[in-house]
Amino acid sequence: MEYKLTDVVFERADDSPYRYHITLHHLPTGMEIEQASEHSAQEARNFCIRELKWRLAHWEEYQRSAVCKSY
């Protein structure tokens, strides 16, 4: 699976204890990835994208992991 910008939606949490708390929603898989940053929202988005790319590149391993929910 490949990452496409059109497949993701970002949501910012305003009630978070972190200055910038972003949730990435990956539409094709239903995955949600949350990341936080004290520096910028863009940094938190980049953390989300980096995690998404890893999960997609290692999809079978990720699905077998304990952190994966049933999709």
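Guide: Let's start with a term: a salt bridge is a side-chain nitrogen of Lys or Arg within 4 Å of a carboxyl oxygen of Asp or Glu. By this rule the count here comes to 2 salt bridges. Keep in mind that this is a predicted model, where local features need pLDDT of at least 70 and side-chain atom pairs count only at pLDDT 80 or more, while totals for chains, interfaces and linings use all residues. Residues are numbered from 1 along each chain as its sequence is written, and side-chain values use heavy atoms, with hydrogens and water left out.

Visitor: What makes arginine 12 and aspartate 14 a salt bridge?

Guide: Their side chains come to 3.9 Å, N to O, and the cut-off is within 4 Å, so the pair counts.

Visitor: Why is aspartate 14 called exposed?

Guide: Exposed means over 50% relative accessible area, buried means under 20%, and partly exposed is in between (1.4 Å probe, protein chains only). Aspartate 14 has 68%, so exposed is the word. Arginine 12, at 44%, is therefore partly exposed.

Visitor: And how far apart are the closest N and O atoms of glutamate 51 and arginine 55?

Guide: They are 2.9 Å apart, which is another salt bridge. Both residues sit in helix 1, and because they are 4 residues apart, about one helical turn separates them. A helix here is a DSSP run (H or I, at least four residues) and a strand is one too (E, at least two), numbered from the N terminus. Glutamate 51 is partly exposed at 26%, whereas arginine 55 is buried at 11%.

Visitor: Why are tryptophan 59 and tyrosine 62 called a tilted pair?

Guide: A search of the whole structure finds 1 aromatic pair. Its centres are 5.8 Å apart, with 40° between the planes. Rings of Phe, Tyr and Trp (its six-membered ring) pair if their centres lie within 6.5 Å; planes under 30 degrees apart are stacked, over 60 edge-to-face, and the rest tilted.

Visitor: What makes threonine 23 buried?

Guide: Its relative accessible area is 10%, so threonine 23 falls under the buried cut-off. Threonine 23 belongs to strand 2.
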